[in-house]
Amino acid sequence: MELELRHLRAIRAIADTGSLTKAAASLGLAQPALSTQLKRIERALGGPLFVRDRTGARPTPLGELVLDRARVLLPAVRELQEEAVRFANAWAHIQRFRIGGTHGPLLGGLIDRLATAHPSAPVSTYTSWSVQELSTMVVEGRLDYALIGVCGQSPPPVADQLTWQPIGTDPVFVMLVEDHPLAGEAELKLSALASESWTDVPGDGCFGDCFAAACARAGFTPASVFETDTASCVHLVQVGRAVGLCRATFPPTPGVVIRPLAGAPLSWRHMIGWHPGAPAADTAPAVAGHARAAHADAVRRSEPYATWLRSHARCSAAFGTATVGPAAP
């Protein structure tokens, strides 16, 4: 494994907080995921970086050496990124929309609305499974906006460098083949699917850990989880090979039904981010408004989701399109 900046950030977070649990929370990771990452880092560097006991985590001599370098490298890289943003946007006096997003209908809805509202402004897109990659591209000035999703209440990436606005929060639903024995149920307990294989799309963040934890609370461990692209996920569901995890706004698909999970054990927050020092900050409130409208359209088009919102009045305030106003640059 090659050492990356995110590994140095993880080491510094553990040292600064003195605890893997606190460091995981600050990084938006599950504690087991950070613990596994630390073990890989320690193997790559040749020895333990921290002594861990009931009082917390303390750097070893090797850990102190790595921390000394990290405290020099990380600020230097951030300064380089900020300088790159200023350089990349120095000429950006024309209106344009360079949008990065994860795969999904919300990105298409935003593009459609921007192209309709600003027909003379060029719109370009870049898609990736990695919210970290998209956020880094915004920091570096290669994108104006990142339209991403994060698991539950996890913080968005590089929140110290980008301005983030919520777009909406959705419960996670499941996709079933239309003749599945449980397809006729209005709502499914996660435990009722204990014997199934699962499929979902890949991505960084803690969603995989949160899904595993939800299954553990329901009394089972998933037999298998296929991480693949959306088309392959749908195919695996259509042929009855797996049940799929999906956003509640997943569009109607032949041969597939989507159903809510009882108690909404998993949720997904849509967010849009931009660099506060870039020209994109001037148009950010309008772009965020278009994104919220696109999400509201997707909610209205999903009959299972709209039905779920109507029947779960207590939960509906926490889900659907966000109404938070734009943050000051």
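I will start with valine 174, which is buried, with a relative accessible area of 0%. Buried here is under 20% relative accessible area, exposed is over 50%, and partly exposed lies in between, with a 1.4 Å probe and protein chains only.

Before going on, a note on the source: this is a predicted model, in which local features need pLDDT of at least 70, side-chain atom pairs count only at pLDDT 80 or more, and totals for chains, interfaces and linings use all residues. Residues are numbered from 1 along each chain as its sequence is written, and side-chain values use heavy atoms, with hydrogens and water left out.

Back to valine 174, which sits in strand 6, residues 163–177. Helices (H or I, at least four residues) and strands (E, at least two) are DSSP runs numbered from the N terminus. Neighbours within four places in sequence aside, valine 174 has contacts that include Leu188, Trp198, Cys246, Val257 and Arg259. Contact means heavy atoms within 4.5 Å. Proline 260 is 86 residues away along the chain from valine 174, and their C-alpha atoms are separated by 6.4 Å.

Next, the cavities. How many cavities of 30 Å³ or more does the structure hold? There are 3. A cavity, on a 1 Å grid over the protein atoms alone, is a set of points where a 1.4 Å probe fits but cannot get out; a pocket is an open set with protein on both sides within 12 Å along at least five of seven lines; lining residues have an atom within 4 Å of a point. Volume is the space filled by probe spheres set on the points, which are joined across faces, edges and corners.

The largest cavity has a volume of about 70 Å³. Its lining includes Thr102, Leu106, Ile148, Arg247, Trp268 and His270. Helix 5 (105–117), strand 5 (145–151) and strand 11 (267–274) are the elements that each give two or more residues, and strand 5 gives the most, with 3. The lining of the largest cavity divides into 5 nonpolar, 4 polar and 1 charged. For these classes, Ala, Val, Leu, Ile, Met, Phe, Trp, Tyr, Cys and Pro are nonpolar, Asp, Glu, Lys and Arg are charged, and the others, Gly among them, are polar.

The second largest cavity holds about 40 Å³ of space. Among the residues lining it are Pro105, Asp170, Thr249, His295 and Ala298. Helix 5 and helix 9 (280–301) are the elements that give two or more residues to this lining. By class, the lining has 3 nonpolar, 3 polar and 2 charged residues.

Now the second largest pocket, with about 190 Å³ of space. Of its 13 lining residues, Leu5, Arg9, Gln81, Gln132 and Thr136 are the closest to the centre. Leucine 5 belongs to helix 1, residues 5–17, and counts as partly exposed at 30% relative accessibility. Beyond four places in sequence, leucine 5 is in contact with Leu74 and Val77.

Last, the helix pair. Helix 2 (residues 20–27) and helix 3 (residues 31–45) pack at about 105°, with axes 9 Å apart. Axes are lines fitted to C-alpha atoms, for helices over the stretch in contact, and angles run from 0 to 180 degrees between N-to-C directions. The two helices are therefore roughly perpendicular; angles under 35 degrees count as roughly parallel, over 145 as roughly antiparallel, 65 to 115 as roughly perpendicular and the rest as oblique.
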